[in-house]
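Today I am opening a new structure and keeping notes as I go.

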Amino acid sequence: MSDIGRLVRIALSLLTFALGCLLVPGAAYAQHETAADLLDGERAFRSSCANCHGPDGNVIAGIDLGRGQFRRPLTDDDLVRIIRTGIPNTAMPASPMTVEQASKIVAYLRARAAAARGSVVAGDAARGKGAFEREGACLSCHRVAEAGARVGPDLTGIGGRRSAAEIERALRDPGADVAPANRTYRVVRPDGTTVTGRLLGHDTFTVRLLDTGEQLRSFTKSELREHGFVPSPMPPYRGSPQEIADMVSYLSSLRGQ
Amino acid sequence: MRGAIRLLVVLALVAPLQAQVTFDRILRGDREPHNWLSYSGTLQNQRFSPLTQITPANVKDLQQQWVWQARSLEKFEATPLVVDGVMYTVEAPNNVVALDAATGRPFWTFNYTPAPEGRPCCGRVNRGVAILGDTLYMGTIDAHLLAIDARSGQKIWDTVVANARERYSMTHSPTIVKDKVIVGTGGGDGPIRGSIAAFDAKTGKEVWRFYTIPGPGEPGNETWAGDSWKTGGVGVWNAGAYDPETNLVFFGTGNPAPDWDGSTRRGDNLYSDSVVALDADTGRLKWHYQFTPHDELDYDATQVPVLADIEWPDGTGSSRPRKVMLWANRNGVMYVLDRVTGEFLKGKPYVKTNWLDGFDAKGRPNRVKFPTPEGTLIRPHVHGATNWAPPAFSPRTGWFYVATWENSGSMAVEGQFPRAASANAQQTAMGQTNLVPFFNDDTEPYGVVRAYDPKTLNPAWEFRMSDITWGGVLATAADLVFSGGREGYFLALDARTGKLLWRASVGGQINAGAMSYAVNGKQYVAIAAGNALFSYALP
């Protein structure tokens, strides 16, 4: 085959691939959303939607976006389309977003609605505090005010940042929705020793952790045998519905700065 | 035994662990040459690094290892701390950042937005944090004292030291003594009443407060006419020093207010333009020395006190060790004081100075030049012979290294801002970040790094720059001196001869002092310039 023929074939292949990508929009987003996707979705919701729908999505009569309530049943695709094209002859404008961006808003709203369907058992914050500090040994990783460790997320103001339903979800399934700033990272050094900790930041060449001994550590990636994210070391809280409600009640009461 | 010690040293260098920074560690910072635990290295403020890897012979090979760019466009006056491989510095006005000292990459950033009232005279600057235990301490431009977790960058407590709406501010690195954090309030160009206060490091609760202007009934209040003491200024805006043997903490104090018009505040205006020695436990004044009584030229006396133990003539023809304090003052005079008693041992102009012609037996200056409405050439002028930039003292050479200005003079006018003696002298606002065009001739102000012998107060050598300098000086145990100035060059000089051995163009003005540290056995020298922090080491 001539060089020109080969080039034409390569060009046609690339064109076919590109068209394929265009024809299956959103295919990549049919997968489970990451915590980062949900955070992106939340940011986009707050900047693009909350002006009219309100921060909780419930300002417009008959619509409660945070609880999955619409004027008629809508699929995810319906919602993505509505966000992008608006609803003619109504106040809902078209937003110049990609499918990916709109999908993240939908994912965020769905996650919020799912979280809102959480526990209905009334909790006792004092009992929850006892379990948090004793049986749960939560302070061995987390910090509240000046007590506890720094390796896990600081929970001093968690009640002001997360809804009760979100807290309950984090207790039942800690790995499901880890904020990027709270991810756990592990490095393996050439001698086989490992260091694990909360990721403080990484770039092409280096990575920085607060390790489990609460030391600030920095590594050069090229000097490591292995390095990467590892699942959250937090075990699921396997308490009774009442015990979970107590814990949620306590954590929701933490409103410090 | 020697093998065990070597192993310990190797372990310390290979695997730095961030242990609690006890007060004993701070006090004996010289035992940890790889760390830099307070503003000028130790509480003696000698800004002397015991590290010797970088030498006069190899300094020419220094290479930039990393740059950290601040988001802030304010002047970068901070000296970083380094604790076991982690560097802490302040992005003006009050964001704290923890960096990997070997790569300059951030571990965390603590953001603080000061109240909009926090607008002092001369830039929203900060000269650095202090550390004790696991906690960093920062005075803010709106006069708060903050405690910040050194591991996580989370705020622990926030104590209001003074009211920013009344023009109080804080810009200096706090001074740690035992379990207390000691800070002074700046803002003395306005109608404040300055103070130095100690706070419990754990709780942030105030333990004691010393007002730099005595109140009614207190000795010294009579040096202020009428009610002028209430608004007489006397801010404190540079770090203090501490002497464990006498348990005294020393701070330099600022000018009386109003700056230029002394007619409303007749008298010496104690304790303005002074060094005060306070009992570190109680804040009680033990002694003071006033460098410039009744200042009408805004000289301040807010240099860091430099403590040294040197041989001093005992009056019988021989000499004996003496605990002294060295002070290159903005007023153009260099001083040696006995730091135990406050006794004036020696004073001598170290740049062209004409406002005094000598001292009485107790060290009070005999002032011979006064501002007049017609204008009088007074040397040095408001920017003085030096300013906030920290000097250095080398116990090896026994010399005091100061970055200073020559030919600084003004036609001061009573009741107004001073007119400068030359056009270009006025183009010297209190340091900026960017490089500026330079046009001065030799009769106009220029910067110079000098080594002074404390016994004679004569210069042993000098390194002259074309432009003036706001940069500090670092001395090292390898007999190197690092400095720089407004021209944006970071310089290495031979500490014994002043010969230029190396230079780097940092592209912005240097308004800070350099420091040195080591990670994994490698010595670094760091300097803030423009809006960035630079670190250098051998290849």
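How many helices and how many strands does chain B have? I kept in mind that this is a predicted model, and then I looked up the elements: chain B has 38 strands and two helices.

Next I checked the overall build of chain B.

Then I turned to the inside of chain B. I found that 57% of its 539 residues count as buried. For contacts in chain B with a separation of 6 or more, I noted that 59% join residues 24 or more positions apart.

On to chain A, where I looked up the domains. Domain 1 covers 27-116, domain 2 is made of 125-178 + 235-252, and domain 3 runs over 184-230. I read off 37 Å between the centres of domain 1 and domain 3 of chain A, taken over C-alpha atoms.

Last, where do the chains meet? I found 13 residues of chain A in contact with 15 residues of chain B. On the chain A side, β4 (194-202), β5 (206-211) and β6 (216-220) each supply at least two residues. β5(A) gives the most, with three residues. I sorted this side of chain A by class and got six charged, four polar and three nonpolar residues.

Notes:
Residues are numbered from 1 along each chain as its sequence is written. Chains are lettered from A and ligands numbered from 1 in the order in which they are written. This is a predicted model: local features need pLDDT of at least 70, side-chain atom pairs count only at pLDDT 80 or more; totals for chains, interfaces and linings use all residues. Domain bounds come from an automatic or database domain assignment. Two residues are in contact if their C-beta atoms, placed from the backbone, lie within 7 Å. Helices (H or I, at least four residues) and strands (E, at least two) are DSSP runs, numbered from the N terminus. Ala, Val, Leu, Ile, Met, Phe, Trp, Tyr, Cys and Pro count as nonpolar, Asp, Glu, Lys and Arg as charged, and the others, Gly among them, as polar. A residue is buried if 20 or more other C-beta atoms lie within 10 Å of its own, exposed if 12 or fewer, and partly exposed in between; C-beta atoms are placed from the backbone.
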